[in-house]
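Please take a moment to look over the sequence and the model before reading on.

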Amino acid sequence: MPKKILLVDDDPDIIALLKQVLLKEKYQIMQASNGRMAEEILDSAKVDLLVTDIEMPEIDGIELVHWLREKSKIPIIVMTSYSHIPKVKELYEEGISHFLSKPLRRLEFLDLVDKLIHAKEGEVINTRSLEYVSVPIDNFLKDEVFECPIFVKLSDIKYVKIANNTATLNQDQVAKLKDKNILELYLTSKDYEARINKSLTQAKAISNKKLVTTPGASEHIILNAGKIMAEKIYHESLSRENFEMAKDYVTSSLDIISDNKRAMNLLEELNNLGDHFFSHCMGVSIYNILLAKQLDWTSEETFKLLSLAGVYHDIGFKDIDVSIANKDLSELDDDEFKSLRNHPIHGADIVSDLKYFPIELSQIILQHHENCIGEGYPFNLKKDFIYPPARIVYITDLFCDLVLTREGYDPISPKEALVIMEEDHIKEFDSIFFETFKTLFS
Ligand SMILES: [Fe+2]
Ligand SMILES: [Fe+2]
């Protein structure tokens with residue numbers, strides 16, 4: 001059974017890179033763009049290794065590590081960069097994680113992942129293999145040049161690389177380290193002897209892409225239609241207050257969408273698939289938020305993500321014959337059924353191109369028809385292998401299919417829908433998520 005790794009970083013490029021490296025090694029990957037999302041995933045999924053960045057919105061890597069250590073012994077790799085060394089030093093002294101400095105080296109990273117994930121309980125993994133020589137930090141503030149990796153000492157057995165050479169060292173940051181009373185940096189003894197003189201250049205900053213939103217964006221007719229449909233989804237057995245809150249998230253997602261031409265075109269294509277299709281997606285979006293809130297999830301990023309996932313979860317149907325999408329399952333022939341089961345793959349592919357949208361979106365869309373007993377599609381994944389937000393969509397999707405109007409089908413009440421879900425599908429759901437979902441209705 002593949003081991004599961006949770007990657008936490010707010011830089012989608014770093015996540016994409018790590019995923020690429022790890023997937024080749026047959027690990028299963030989950031991801032989060034901040035500490036709070038990571039906590040929610042760790043609460044609802046079994047994870048074998050956490051790899052986290054330090055600086056992130058909402059809850060940073062340091063807080064996340066402290067939170068996790070209160071409740072679990074799973075190995076943790078903290079990805080550090082130069083400016084975080086004083087912060088990380090504290091974490092290291094507490095002996096609670098392993099460290100790698102950015103930019104990560106593929107082999108070094110894979111080696112540590114492999115060691116940690118296969119370590120027996122209580123086994124000490126020592127990642128140090130070289131001898132080090134100290135150099136006064138003032139030397140790095142002068143013209144002296146070292147064309148070799150430079151390290152900060154964390155303890156007698158642990159050194160963290162902060163640059164591949166002096167060309168990637170930033171003088172201001174060196175000065176800041178000195179201010180924090182770090183008076184020496186280190187080179188390997190072999191490199192120390194081989195140093196030569198060159199001038200310093202600026203370190204390359206890692207770019208920090210964020211989700212771009214502009215409040216009060218264009219009043220496009222489709223956006224209005226979406227907002228009106230969102231209102232129509234209300235049912236009297238729901239708390240009006242919770243519903244309004246969920247509707248606000250959907251409305252702000254529509255505003256995010258309106259700022260992105262490609263995302264807006266996709267919304268139009270979704271609308272072209274038919275009214276009931278569009279309202280189904282709005283419904284899934286709203287119920288995703290309602291369920292996440294009911295589960296006591298609190299991350300704003302997760303709510304945005306779940307709201308967008310609701311809107312776009314079935315976008316893959318745009319590449320499939322509309323008549324198939326609208327047919328009852330029992331009427332489909334083998335080829336049509338196969339084509340229908342590909343919509344999560346098409347959908348994940350389509351949204352992966354949306355710039356500035358959360359990278360987790362395509363993972364949710366890819367897995368929204370996977371169920372906990374491994375009888376879903378496209379990959380027959382079992383519970384532990386399904387990204388928790390996708391387990392939410394699995395429930396809300398079926399629920400909205402039952403309670404919202406569609407051609408040739410009479411919708412039923414939430415109470416009746418819950419009975420059908422319980423009798424015919426209970427094993428397919430994440431049991432905690434489904435039990436919580438039921439409590440939404442009075
Ligand atoms: Fe779907
Ligand atoms: Fe759906």
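Donors are N, O and S atoms within 2.8 Å of the metal (3.2 Å for Na, K and Ca), and since water is not among the atoms, sites may look incomplete. With that in mind, the donor residues of the iron ion (ligand 1) follow the spacing D-x28-H-x24-H-H in the sequence. This is a predicted model, in which local features need pLDDT of at least 70 and side-chain atom pairs count only at pLDDT 80 or more, whereas totals for chains, interfaces and linings use all residues. Residues are numbered from 1 along each chain as its sequence is written, chains are lettered from A and ligands numbered from 1 in the order in which they are written, and side-chain values use heavy atoms, with hydrogens and water left out.

We can begin with the protein as a whole. It has 19 helices and nine strands, where helices (H or I, at least four residues) and strands (E, at least two) are DSSP runs numbered from the N terminus. Of the 442 residues in the protein, 53% are buried; here buried means under 20% relative accessible area, exposed means over 50%, and partly exposed lies in between (1.4 Å probe, protein chains only). If we take the contacts (heavy atoms within 4.5 Å) between residues at least 6 apart in sequence, 70% of them join residues at least 24 apart.

Now turn to the metal ions. Which residues coordinate the iron ion (ligand 1)? They are Asp314 through OD, and His343, His368 and His369, each through NE2, at 2.1 to 2.3 Å. The four donor atoms around this iron ion (ligand 1) subtend angles of 85 to 178°, which makes the arrangement irregular. The rule behind that word is that four donors count as tetrahedral if all angles lie between 85 and 135 degrees, that four count as square planar and six as octahedral if opposite donors are over 155 degrees apart and all others between 65 and 115, and that anything else is irregular.

The iron ion (ligand 2) is coordinated by His280 (NE2), His313 (NE2), Asp314 (OD) and Asp397 (OD), at 2.1 to 2.3 Å. Along the sequence, the donor residues of the iron ion (ligand 2) are spaced H-x32-H-D-x82-D. The four donor atoms of the iron ion (ligand 2) subtend angles of 78 to 177°, and therefore this arrangement is irregular. Asp314 bridges the iron ion (ligand 2) and the iron ion (ligand 1), which lie 3.6 Å apart. Here too a pair links distant parts of the chain: Asp314 is in the loop between α12 (300–312) and α13 (322–326), while Asp397 is in helix α17, 83 residues away. Asp314 and Asp397 are both buried.

A few places in the backbone also deserve a look. The peptide bond from Tyr377 to Pro378 is cis, with omega near 5°, and Pro378 is in the loop between α16 and α17. Lys26, in the loop between α1 (12–23) and β2 (28–32), has a positive phi of about 65° although it is not a glycine. Lys26 counts as exposed because its relative accessibility is 66%. Asp296 likewise has a positive phi, of about 70°, without being a glycine, and this residue is in the loop between α11 (275–294) and α12. Asp296 has a relative accessible area of 62%, so it is exposed.

Lys4 is buried yet has no salt bridge, and the nearest side chain of opposite charge, Asp48, is 4.5 Å away. A salt bridge is a side-chain nitrogen of Lys or Arg within 4 Å of a carboxyl oxygen of Asp or Glu; Lys and Arg count as positive and Asp and Glu as negative, while His and the chain ends are not counted.
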